Protein chains: 2
Amino acid sequence: MVDTLRINSGRLWGRIDELAQVGAIIGTDGCSRLALTDEDKEGRNLVFTWMEDLGMEIVIDGIGNVIGTWAGNGTDKTLPPVMTGSHIDTVRTGGRFDGNLGVLAGLEVVETLAENNISPFHPIAVGFFTGEEGARFAPDMLGSLVYVGGMSLESALDIEGIDGKRLGDELERIGYRGAAPCPGPVPKAFVELHIEQGPVLEANKTSIGAVDSVQGISWAEITIEGQSNHAGTTPMHMRHDAGFAAAQIAAFVRQLALEVGGDQVGTVGKIDLHPNLVNVVASKAVMTVDLRNTDEELLKNSESRLNEFCLSLSESEHVEITSKPLARFEPVSFAQELIDGVIKVSKSLGLSVQQMTSGAGHDAQMFARICPTSMIFVPSKDGLSHNPAEYTSQEQIMDGANVLLQLLLQLAKEQSG
Amino acid sequence: MVDTLRINSGRLWGRIDELAQVGAIIGTDGCSRLALTDEDKEGRNLVFTWMEDLGMEIVIDGIGNVIGTWAGNGTDKTLPPVMTGSHIDTVRTGGRFDGNLGVLAGLEVVETLAENNISPFHPIAVGFFTGEEGARFAPDMLGSLVYVGGMSLESALDIEGIDGKRLGDELERIGYRGAAPCPGPVPKAFVELHIEQGPVLEANKTSIGAVDSVQGISWAEITIEGQSNHAGTTPMHMRHDAGFAAAQIAAFVRQLALEVGGDQVGTVGKIDLHPNLVNVVASKAVMTVDLRNTDEELLKNSESRLNEFCLSLSESEHVEITSKPLARFEPVSFAQELIDGVIKVSKSLGLSVQQMTSGAGHDAQMFARICPTSMIFVPSKDGLSHNPAEYTSQEQIMDGANVLLQLLLQLAKEQSG
């Protein structure tokens, strides 16, 4: 009976649609619910009500994370819960799936269990975590970071938003400053269902991604100081061209990523030249380099190769090159037994599945610090995300939620180790 | 006697300084006299007065060019004059030498001849031409262009400035809409003394540049349309990165200039990425390419090699690349006998001299269409120009003005051919 249990995809799709009406961006399918704004409050209230309707025991902690825990008749409430969840805040022009899917699929799993009178041994907890996007209050993944003890509650409450507002004040204002302590209780395991936000599953026509890791991230801002010169009167050999040096670095980053291979990616997404005129050799360039790898040693190696290249370029072009780190996160590896679990469950459901890394950050990577964790990815149309046009079909979502259902059931049925 | 004649460098330096007080930029040595503004009017009035004081016959034409002609007792006034001159308008934050030097050195030559009672056969004309900089009314070199018949007076008067004012109205307003016809009378020859505005003479420790040509200019705006993607979740082989393509083009432009060699220069001074964010693969890049060469065939060849490169890049990166011409001028060659004249005179004065091209545009290139023409360059400190810090020493200016004096004398002494 349990193996053939399936979620109700129409009900899940309906909740996604209903939540997306809160902060909806007119004329699109997307929404705008920056953390701790009135829109976020309204979205929270809606999901809170759904949790209540499902008879979940709801706890709000000091940073505003909301955890609803569900137990059937035969559940041992003294055991740590198997937890799932994600976030419901969005970027300013966000889609309706990013984060929301993971929370609402969790509720759908609970409702499916409840209506089928299935009682796992362990309780099932569904959480939505404060400020995952970092679009109003940095850093991102803030709520889950505080949950796992990676930042003190006091520091977090004092964070100033892009609008100058204090996080703690905004949390009070919307009524989500809870009493539960941070860090929070350690779950038995944590599994997060999320859209891929990339093009890989779609390109491979694969239904499910069994996420084995989150890439480490290295962001640097590189500043090149050359010499402003007339584009007509300055012979090539007398130039100290900051724009040319920036172009060389951008070309090198591509070459580096290809040479390192594997998961290594490298991006120059931002270049600002000064004075940025057609007939003036640029005196200055400010650019960013984004390097990511799932292997910390390889990432470090890429960083040092980039630095060596900049050093040699500064000598050959006679420009000054300085580099400032903007962000640095080590890679995160998920638990092998949970990765295997995602693969096994997917196959048993007849779904194509591939092991893959996550190029974006997620709440799950914080939980990986305290309990066995993994993630389930479903395809993103054209790899789009953080965009109102973000799209995953109802069927793809059904597949992902069914994998979540079966995996949570297996984890919750087992005796705690 | 004539061969040992020298200009009075203190007097010339003094006039440069006095003219630089008009529209002076406080706290710098530079000045701001955009064409046909009140500051330009005041500068014109000052130079006009100096021409009157020297007993020159002054003519103002329909576009506001002012030509003062001087004849000694033995001069045949029916012969075409040997002409020199330049402009006294500046860019918004200009130096005191660009243009002004050529006009005031012309007056200094006249004063030197007058006080020494020297009468060349041909009259000597000194002109300052309207709106050479193009900083208020485009195109640049407008006054000389109209003088030589390259644009009709009617079209020129109708040009709208960056402030929305009509050129003809502004010319009337400042009282410099003259009666003399355009095109103007053809001189026997035209020689312009100008600062180099580049670093070559200073680097080579050479006093005089004998300018043999003005580079042809090809400006293009290149637009690259790629695809916006997440910098973490998009594998390298699935990218269509407009920023990377822009970097490749900038690197190619350098390589092209080095391979073509000679006078070829190439510059990418302007790159704008969209959305220009650290963690987003750029969907769009708009950049400029500035190519210059003194040889039209080589310039055309560089243009087509750039186009071929863009075509192959658009295929390999799967991006769309379009190119829009922003400006295109053919190279100008000066008269060999006048280039030889500059070299010979410089050597006779014991000055180091080198033949060179001009990377910037000048009034002289317009006169090259109607009469034998060349230019004399003097060094620019650090190659700086269009900048209040523009500087050429009094001695360097003296050397250039003495070459101008001797060359004008030789040209004016000869019988008209």
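**Conventions.** I number residues from 1 along each chain as its sequence is written, and chains are lettered from A in the order in which they are written. Since I am working with a predicted model, local features need pLDDT of at least 70 and side-chain atom pairs count only at pLDDT 80 or more, while totals for chains, interfaces and linings use all residues.

**Symmetry.** I looked up how the two chains are related, superposing them by least squares on the C-alpha atoms of residues with pLDDT of at least 70 in both. Chain A is brought onto chain B by a rotation of 180° with a shift of 0.2 Å along the axis, at an RMSD of 0.2 Å. The two copies are therefore related as by a two-fold rotation axis.

**Contact between the chains.** I take two residues as in contact if their C-beta atoms, placed from the backbone, lie within 7 Å. On that basis chain A gives 48 residues and chain B gives 48 residues. By class, I note 25 nonpolar, 18 polar and 5 charged residues on the side of chain A that touches chain B; here Ala, Val, Leu, Ile, Met, Phe, Trp, Tyr, Cys and Pro count as nonpolar, Asp, Glu, Lys and Arg as charged, and the others, Gly among them, as polar.

**Domains of chain A.** The assignment, which comes from an automatic or database source, gives domain 1 (9–214 + 331–413) and domain 2 (216–325). Their centres, taken over C-alpha atoms, are separated by 37 Å, and 4 residues of domain 1 are in contact with 9 residues of domain 2. The domain 1 side of this contact divides into 1 nonpolar, 3 polar and no charged residues.

**Helix α9 of chain B.** This helix (residues 296–317) has 22 residues and reaches 31 Å from its first C-alpha to its last, close to the 32 Å expected at 1.5 Å a residue, where the expected span is 1.5 Å times one less than the number of residues. I count a residue as buried if 20 or more other C-beta atoms lie within 10 Å of its own, exposed if 12 or fewer, and partly exposed in between, with C-beta atoms placed from the backbone. The buried residues of α9(B) are B:L299, B:S302, B:L306 and B:C310. Seen down the helix axis, they fall within an arc of 75° and so line one face of α9(B), the arc being that of the directions from the helix axis to the C-beta atoms. The face turned away from the buried side carries exposed residues including B:E297, B:E308 and B:E315. Just after α9(B), I find B:H318 with a positive phi of about 55°.

**Helix α3 of chain A.** In α3(A), 13 of the 16 residues are buried, so the helix is largely enclosed by the rest of the structure. A:N117 follows α3(A) and has a positive phi, near 50°.

Methods:
Helices (H or I, at least four residues) and strands (E, at least two) are DSSP runs, numbered from the N terminus.
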